[in-house]
Amino acid sequence: MRYSLLSLIREGLRRHRGWQPAWRDAAPKDAYDVIIIGGGGHGLATAYYLAKQHGITRVAVLEKNHIGSGNAGRNTTIIRSNYLQPGNIPFYELAMRHWESLERELNYNVMVSQRGIINTFHTDAQRDAYARRGNAMRLHGIDAELLDRDRLRRLLPMLDFDNARFPVQGGLLQARGGTARHDAVVWGYARAASALGVDIIQNCEVIGFTESGGHIAGVETTRGAIRAPKIAMAVAGNTCKVAALAGLRLPIESHVLQAFVTEGLKPFFPCVATFGAGHFYVSQSDKGGLVFGGDIDGYNSYAQRGNLPTVEDVCESGIALIPALGRIRMLRSWGGIMDMSMDGSPIIDRTARAGLYLNAGWCYGGFKATPASGSCFAHLLATDQLHETAAAYRLDRFSTGALIDEKGVGAQPNLH
């Protein structure tokens with residue numbers, strides 16, 4: 001069924017008795033052409049683009065819980081392409097272009113809101129660094145505008161311009177940045193992939209791999225063995241655990257990233273903003289709550305919850321930027337397991353095990369990358385060639401030295 005105003009009116013007249021499930025909850029078959037481990041945004045987007053762009057529909061997406069139960073449903077929903085490094089700029093801009101047409105393509109309201117994103121700067125050196133980033137973006141045809149203090153004050157008067165320990169001097173604006181609804185992205189890709197013949201198999205955990213002639217030839221799951229000549233991993237913070245089942249050790253660590261939401265407010269914060277003197281980012285949801293986050297917890301963990309010192313640190317950074325936050329009640333917090341790579345940039349490549357492919361290392365950039373990640377990973381699976389836009393995301397860059405260190409902090413995953 002195609003969603004439209006006409007279908008909504010028709011079902012309203014029928015007392016909404018004609019709606020069909022958005023996707024098929026399929027049972028596993030014995031064999032497929034491609035198996036994708038992970039039913040989050042990246043896995044489902046990969047399945048959709050395999051079917052849509054490459055005509056490969058004998059695809060199974062295996063999710064150990066329900067789809068979107070991992071990081072896809074636990075992020076702060078920000079989309080942007082304001083990067084500096086040549087390996088990152090074209091990739092995230094590809095994602096942004098996908099976001100701008102995604103609702104029409106999927107026939108699903110993923111609630112894309114291009115309200116703009118502003119990175120504040122607080123020193124002359126930081127202003128120069130953001131000017132450099134903005135110029136790099138514009139050289140790639142991406143919108144960027146450097147705002148002075150007065151212009152930024154008109155846009156965001158609630159920031160602390162006068163009494164701050166780190167006075168706000170201006171900001172870098174990408175007007176096309178913004179937010180999208182994370183759950184809706186998962187549901188939209190699941191619906192579109194299922195309509196093209198992809199099997200979405202929930203409550204099906206991968207517990208091992210099968211081999212034939214030295215190649216990975218299938219997976220062992222809690223619902224039985226499934227064969228496929230190509231197996232794709234898109235499991236975010238669980239990447240190292242799943243890869244270990246195939247005897248692989250990867251340049252990735254898993255850390256918890258917390259996110260927070262406040263009580264609902266009247267329209268207060270018109271865009272997405274990040275704090276240049278600390279690590280804090282914030283936007284206001286359609287329900288009125290402020291959604292924000294900051295640094296990852298400093299230790300390795302697979303728990304989807306964080307610790308109180310990090311809560312304190314994130315809230316301190318928020319109040320340093322927006323003093324009014326001190327008067328707002330926080331409703332809840334949650335954690336996602338981040339797959340932090342050694343240089344802070346992702347990996348989309350074949351592995352050393354024939355038949356096994358890797359999509360991982362997204363650090364903070366996973367949600368915003370979803371459409372481009374799916375498209376580029378699907379291209380790799382279909383053609384066995386790296387997509388030109390993701391050519392820098394090779395796994396062997398950690399041995400060749402061709403790193404993409406966006407923050408310039410070296411091989412410390414907890415700092416990216």
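This is a predicted model: local features need pLDDT of at least 70, side-chain atom pairs count only at pLDDT 80 or more; totals for chains, interfaces and linings use all residues.
Q: Is the crossing of α3 and α6 left-handed or right-handed?
A: The residues that meet are W99, L102 and L106 in α3 and V185, G188, Y189, R191 and A192 in α6. Where α3 passes α6, the crossing is left-handed.

Q: Which element gives the most residues to the largest nonpolar core?
A: The largest nonpolar core has 60 residues, and F91, Y189 and I348 have the most contacts inside it. Elements giving two or more residues to this core include α2 (41-54), α3 (89-106), α6 (182-195) and α9 (370-383). With 9 residues, the element that gives the most is α3.

Q: How many residues are in the second, separate core?
A: I348, one of the residues with the most contacts inside the largest core, touches F91, L358, W362, F377 and Y393, among others. The second core is separate and includes A60, V242, A243 and A246. Its number of residues is 28.

Q: How are α2 and α9 oriented to each other: roughly parallel, roughly perpendicular or oblique?
A: The axes of α2 and α9 come within 7 Å and cross at roughly 55°. Residues making the contact include G41, H42 and A45 of α2, and T370, P371 and S373 of α9. Since roughly parallel requires an angle under 35 degrees and roughly perpendicular one of 65 to 115, the two helices are oblique.

Q: Is the crossing of α2 and α9 left-handed or right-handed?
A: Further along the contact, Y49, L50, Q53 and H54 are among the residues of α2, while F377, A378 and H379 are among those of α9. Where α2 passes α9, the crossing is right-handed.

Q: Which strands stand at the edges of the open sheet?
A: The sheet has 8 strands in the order β5-β6-β4-β14-β15-β16-β13-β17, with mixed pairing. Its neighbouring strands are turned by 25° against each other on average, direction ignored. A strand at the edge has a single partner strand, so one side of it is left without a neighbour in the sheet. The strands in that position are β5 (145-148) and β17 (330-341).

Q: Which residue in β15 stands opposite A273?
A: Strand β14 (residues 272-274) and strand β15 (residues 280-284) pair in the antiparallel sense over 2 bridges. In β15, the residue opposite A273 is V282.

Q: What angle does the direction of helix α8 make with that of β16?
A: Helix α4 lies across β4 (117-121), β5 and β6 (170-174), running at about 150° to β4. Helix α8 (residues 308-321) packs on the sheet and touches β4, β13, β15, β16 and β17. The angle between the directions of α8 and β16 is about 140°.

Q: How many of the residues of β13 are buried?
A: Strand β13 pairs with β17 in the antiparallel sense over 11 bridges, and I252 stands opposite S341 in β17. It also pairs with β16, again in the antiparallel sense, over 5 bridges. Strand β13 is largely enclosed by the rest of the structure, because the number of its residues that are buried is 10 of the 11.

Q: Is V291 buried or exposed?
A: V291 is found in strand β16 and is the bridge partner of V261. Leaving aside neighbours within four places in sequence, its contacts include T76, F260, Y281 and V282. Buried means under 20% relative accessible area; the value for V291 is 13%, so V291 is buried.

Q: What distance separates the C-alpha atoms of V291 and N75?
A: Along the chain, V291 and N75 are 216 residues apart. The separation of their C-alpha atoms is 9.4 Å.

Q: Is R353 buried or exposed?
A: R353 lies in the loop between β18 (347-350) and β19 (356-360). Leaving aside neighbours within four places in sequence, R353 is in contact with E211, G214, I216, A246 and L248. Its relative accessible area is 18%, and the limit for the term is under 20%, so R353 is buried.

How values were computed. Residues are numbered from 1 along each chain as its sequence is written. Side-chain values use heavy atoms; hydrogens and water are left out. A nonpolar core is a set of buried Ala, Val, Leu, Ile, Met, Phe, Trp, Tyr and Cys residues joined through side-chain atoms within 4.5 Å. Buried means under 20% relative accessible area, exposed over 50%, partly exposed in between (1.4 Å probe, protein chains only). Helices (H or I, at least four residues) and strands (E, at least two) are DSSP runs, numbered from the N terminus. Contact means heavy atoms within 4.5 Å. Two strands pair if DSSP finds at least two bridges between them. Axes are lines fitted to C-alpha atoms, for helices over the stretch in contact, and angles run from 0 to 180 degrees between N-to-C directions. A crossing is left-handed if the near helix is turned anticlockwise from the far one by less than a right angle, and right-handed if clockwise. Angles under 35 degrees count as roughly parallel, over 145 as roughly antiparallel, 65 to 115 as roughly perpendicular and the rest as oblique.
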